[in-house]
Amino acid sequence: MLDRLALIILIIGGINWGSVGLFNFDIVSFIFGGSDQIITRIIFMLVGISALWSISLLFRSRERLVPEEQH
């Protein structure tokens with residue numbers, strides 16, 4: 001569950017950074033009223049925490065990542 005949530009947050013963050021890189025447009029800041037708003041900063045922190053959490057996915061065995069019935 002937590003792995004999936006981290007992945008969703010990383011996808012949102014990746015789309016936002018892609019938008020910044022391609023169009024110089026920060027979607028999160030636009031939606032929430034600027035990069036200095038507390039909600040925007042919380043979202044950016046969640047993306048960073050999700051990235052740190054996802055590092056653990058690199059070191060887990062496949063058996064722990066995929067439930068037994070899906071092999």
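Is Phe-30 buried or exposed, and what is the relative accessible area of Phe-30? Phe-30 is exposed, with a relative accessible area of 60%. The structure discussed in this report is a predicted model.

## Overall architecture

The protein chain contains 4 helices and 0 strands. Followed along the sequence, the arrangement reads α-α-α-α.

Of the 71 residues in the protein chain, 21% are buried. The accessible surface of the protein chain is about 5,700 Å², and carbon and sulfur atoms supply 69% of that area. Among contacts in the protein chain with a separation of 6 or more, 40% are made by residues 24 or more positions apart.

## The aromatic pair

The model holds 1 aromatic pair.

Phe-25 has 35% relative accessibility and counts as partly exposed. Phe-30, at 60%, is exposed; this assignment follows because a residue is called exposed when its relative accessible area is over 50%.

## The nonpolar surface patch

Both phenylalanines of the pair also belong to a nonpolar patch on the surface, formed by Leu-22, Phe-23, Phe-25, Phe-30, Ile-31, Phe-32, Ile-38, Ile-39, Ile-42, Met-45, Leu-46 and Ile-49. Together these residues have about 1,300 Å² of accessible area.

Which helices each supply at least two residues of the patch? They are α1 (2-23), α2 (27-32) and α3 (38-55). Helix α3 provides the largest share, with 6 residues.

Ile-39, a member of the nonpolar patch, lies in helix α3. Ile-39 is partly exposed, at a relative accessible area of 36%.

Thr-40 is likewise placed in helix α3, but Thr-40 is buried, with a relative accessible area of 0%. Which residues does Thr-40 touch, not counting those up to four places away in sequence? The contacts of Thr-40 are with Val-28, Ser-29, Phe-32, Gly-34 and Ser-35. One of these, Phe-32, is also part of the nonpolar patch.

## The salt bridge

The model contains 1 salt bridge. The side chains of Arg-60 and Asp-3 form this interaction, with an N to O distance of 2.5 Å. The pair links distant parts of the chain, 57 residues apart: Arg-60 is in the loop between α3 and α4 (62-65), while Asp-3 is in helix α1.

How do the accessibilities of the two residues stand? Arg-60 has a relative accessible area of 18% and is buried, since buried residues are those under 20%. Asp-3, with a relative accessible area of 26%, is partly exposed.

## A further position in helix α3

Ala-51 is also located in helix α3. Ala-51 is partly exposed, with a relative accessible area of 32%. In sequence, Ala-51 and Gly-13 are 38 residues apart, while in space their C-alpha atoms are 9.5 Å apart.

Note on methods. Residues numbered from 1 in each chain as written. Predicted model: local features only at pLDDT ≥ 70, side-chain atom pairs only at ≥ 80, totals over all residues. Heavy atoms only, no water. Phe/Tyr/Trp six-rings, centres within 6.5 Å; stacked < 30°, edge-to-face > 60°. Buried < 20%, exposed > 50% of the residue type's maximum accessible area, 1.4 Å probe, protein only. Contact = heavy atoms within 4.5 Å. Areas by Shrake-Rupley, 256 points an atom, 1.4 Å probe, with all protein chains shown as cover. Patch = residues over 30% accessible without salt bridge, like charges linked within 9 Å, V, L, I, M, F, W, Y side chains within 5 Å. Salt bridge = Lys/Arg side-chain N within 4 Å of Asp/Glu carboxyl O.
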